[in-house]
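Hi there,

Here is the structure I promised to pass on.

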Amino acid sequence: MALNWVVNIASTIALGNSSSSTATEFTKNQTKKNTLSVSNEKNLGFVMPLHYPRYTKDDYEKMEEWKIDVLLREYGLDFQGTVDEKRRFAMGAFLWPDQF
């Protein structure tokens, strides 16, 4: 695809070829594709984090409410409740059974 673009531009410059409109259309289409792909990436919404939380049970028990909220939101979990309920939910979601 890039090679076609280079050939079209080179032929337009070197030969005065009338395919300059083709090269312009190609450039417009490429710009449109790039714009669409960038805008789609921005509108993905939830994206799974690449890491898994490595907190222990003690860490969750000492964790402040705002930090629990951030952690849950990072994984797309919108949990409403008291601080203790959020802690229990986070421990249930992120700790293995043998870590309780």
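Let me start with Tyr 52, which counts as partly exposed because its relative accessibility is 41%. Please keep in mind that this is a predicted model.

Phe 94 is buried, with a relative accessible area of 5%. Ring pairs also bring in Tyr 75, giving a cluster of Tyr 52, Tyr 75 and Phe 94.

A stacked pair is formed by Phe 79 and Phe 89, at 4.5 Å centre to centre and 15° between the planes. Phe 79 lies in the loop between α4 and α5, and Phe 89 in helix α5.

Now for helix α5 itself, which spans residues 83–94. Its buried residues are Lys 86, Arg 87, Ala 90, Met 91 and Phe 94. These cover an arc of only 135° around the axis, which puts them on the same side of α5. What covers them includes α3 and α4. Arg 87 counts as buried at 16% relative accessibility, and its contacts include Tyr 60, Glu 61 and Ile 68.

One caution: the average pLDDT is 76, with 56% of the residues scoring at least 70. Over residues 34–39 the pLDDT is below 50. Where pLDDT is low, the predicted coordinates should not be read in detail.

Best wishes

Methods: Residues are numbered from 1 along each chain as its sequence is written. This is a predicted model: local features need pLDDT of at least 70, side-chain atom pairs count only at pLDDT 80 or more; totals for chains, interfaces and linings use all residues. Side-chain values use heavy atoms; hydrogens and water are left out. Helices (H or I, at least four residues) and strands (E, at least two) are DSSP runs, numbered from the N terminus. The expected span of a helix is 1.5 Å times one less than its number of residues. Buried means under 20% relative accessible area, exposed over 50%, partly exposed in between (1.4 Å probe, protein chains only). The arc is that of the directions from the helix axis to the C-beta atoms. Contact means heavy atoms within 4.5 Å. pLDDT is the predictor's confidence in each residue, from 0 to 100. Rings of Phe, Tyr and Trp (its six-membered ring) pair if their centres lie within 6.5 Å; planes under 30 degrees apart count as stacked, over 60 as edge-to-face and the rest as tilted. Lists of a residue's contacts leave out its neighbours within four places in sequence.
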